[in-house]
Amino acid sequence: MDLNTFWFLLIGVLLIGYAILDGFDLGVGALHLFARSDHDRRVFLNAIGPVWDGNEVWLVTFGGALFAAFPKAYATAFSGFYLAFMFLLCALIFRAVAIEFRSKQEPTIWRSFWDVAFFAASVSSSLLFGIAVGNLILGLPIGADGDFRGQLTDLVRPYALLVGFFNLSMFMMHGSIYLYLKTDGELQQRVRGWIYTTFGVFCSLYAITTIATLQALPGATRNFAHFPWVWGVVVLNVLAIANIPRALHKQAPSYAFFSSSCSIAALVVLFGVAIFPNMIISSLNPAWSLTIYNAASSQKALGLMRNIAFLGLPFVLTYTIAIYWVFRGKVKIEKHSY
């Protein structure tokens, strides 16, 4: 394996980690307004309170790795998605402020404002992530010099919006399963009903998105002939999705959460295989696409950063595991809770 492929795979691993971990807390945010009482909403906030900021470390690490390993792809992506990224950044900041401020004052109007802010920021973040993926699958108007030639309105396409809503449904399903793990009593039973609802929406949009992908981009499966093992990922993905209702029926929510996580990981892998070896596909001329070779840093830089990654990644993994171990178990509302 050459260094360029290694970094493509490592960026994929970081994206999988972020999608699984921040996916459920964005999903919890998208479900926030469906809670019936102030107590239930505090339970939701405290379910993700100790971990949400650690989850976003994976996004920061992903961005840093992309900048260091593929600077041309990083520059083009941020140029093309500049306004969209600004909206996303504002949503993520507003979401964090809502988590911290919401329970600091008693007035209903104060808490209602931050409840809506938390919900809106979580939904818009999930949609924007999906819309970005949809546009990367379709390709961007990239010129021969690697610069973005379009406008923000060029990114608002029906297929990209479909992927955005599919991503939102996936995060809401993932988030409801996580809430089922962290709650008990009557609230847990209501959350159990949400899992089946979000699971149904997710499966419907999954089928529609798959058909739309095959019609809009027939070349999306061209790499399946070069990498036959990808068919195994497809099968495992279907089995993981099918295991979610089975695990719930058998009163094994941890298996349902594991299956949901595997499904997200499989979808990211399939996305990576669909665009490989491209980083950003040019919709103007395929020859102008940015690949893992023409968009990469020098071999010396890639080799040096690989050694740094081998030293740093264990710290990220250790921190993540330690946080989840310390805050394991059901949520209990206390004096200093959110």
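These are my notes on the predicted model above, point by point.

1. **Ground rules.** This is a predicted model, so local features need pLDDT of at least 70 and side-chain atom pairs count only at pLDDT 80 or more, while totals for chains, interfaces and linings use all residues. Residues are numbered from 1 along each chain as its sequence is written, and side-chain values use heavy atoms, with hydrogens and water left out.

2. **Cysteines.** How many disulfides does the structure hold? The count is 0, where a disulfide is a pair of cysteine sulfur atoms within 2.5 Å. For C203, the closest cysteine sulfur is in C262, 15 Å away, too far for a bond. C203 is partly exposed at 28% relative accessibility, whereas C90 is exposed, at 51% relative accessible area. (Buried is under 20% relative accessible area, exposed over 50%, and partly exposed in between, with a 1.4 Å probe and protein chains only.)

3. **One side of α5.** Helix α5 spans residues 71–80, and A73, T76, A77 and G80 in it are buried. They sit on the same side of α5, because they cover an arc of only 100° around the axis. (The arc is that of the directions from the helix axis to the C-beta atoms; helices are DSSP runs of H or I with at least four residues, strands are runs of E with at least two, and both are numbered from the N terminus.) As a reminder, an α-helix has 3.6 residues a turn, so residues three or four places apart point the same way. What do the buried residues of α5 pack against? Their partners are α6 (82–101), β1 (278–280) and β2 (290–291), with contact meaning heavy atoms within 4.5 Å.

4. **A buried arginine.** R95 belongs to helix α6. Is R95 buried or exposed? Its relative accessible area is 1%, so R95 is buried. The R95 side chain gets to the backbone oxygen of D25 at 2.6 Å. (A polar contact is a pair of N or O atoms within 3.5 Å; within protein, one must be able to donate a hydrogen and the other to accept it, and residues adjacent in sequence count only if both atoms are side-chain atoms.) Not counting residues up to four places away in sequence, R95 touches D25, L26, I48, E56, F118, A121 and S122.

5. **Glycine in α1.** G23 is part of helix α1, residues 3–31, and is buried at 0% relative accessibility. Leaving aside neighbours within four places in sequence, G23 contacts Y18, F171 and H174. From G23 to V123 is 100 residues in sequence, yet 11 Å in space, C-alpha to C-alpha.

6. S169, in helix α8, is buried at 5% relative accessibility. Not counting residues up to four places away in sequence, it touches T198, V201, F202 and L205. M305 sits in helix α12 and is also buried, at 16%. Its contacts, with residues up to four places away in sequence not counted, are W7, A68 and A69. M305 and W7 are 298 residues apart along the chain, with their C-alpha atoms 9.4 Å apart.

7. The structure has 1 cavity of 30 Å³ or more. The largest cavity has a volume of about 40 Å³ and a lining of V51, G54, N55, Y319, T320, I323 and Y324. α3 (52–55) and α12 (299–326) each give two or more residues to this lining, and α12 gives the most, with 4. The second largest pocket holds about 350 Å³. Of its 16 lining residues, N46, P50, K182, F327 and V331 are the closest to its centre, and α2 (38–48) and α8 (158–182) each supply at least two residues of the lining. (On a 1 Å grid over the protein atoms alone, a cavity is a set of points where a 1.4 Å probe fits but cannot get out, and a pocket is an open set with protein on both sides within 12 Å along at least five of seven lines; lining residues have an atom within 4 Å of a point. Grid points are joined across faces, edges and corners, and a volume is the space filled by probe spheres set on the points.)

8. Most residues other than glycine have a negative phi, and most peptide bonds are trans. The peptide bond from F276 to P277 is cis, with omega near 5°, and P277 lies in the loop between α11 (253–275) and β1. Q251 has a positive phi, near 60°. Q251 is in the loop between α10 (230–249) and α11, and is exposed at 56% relative accessibility.
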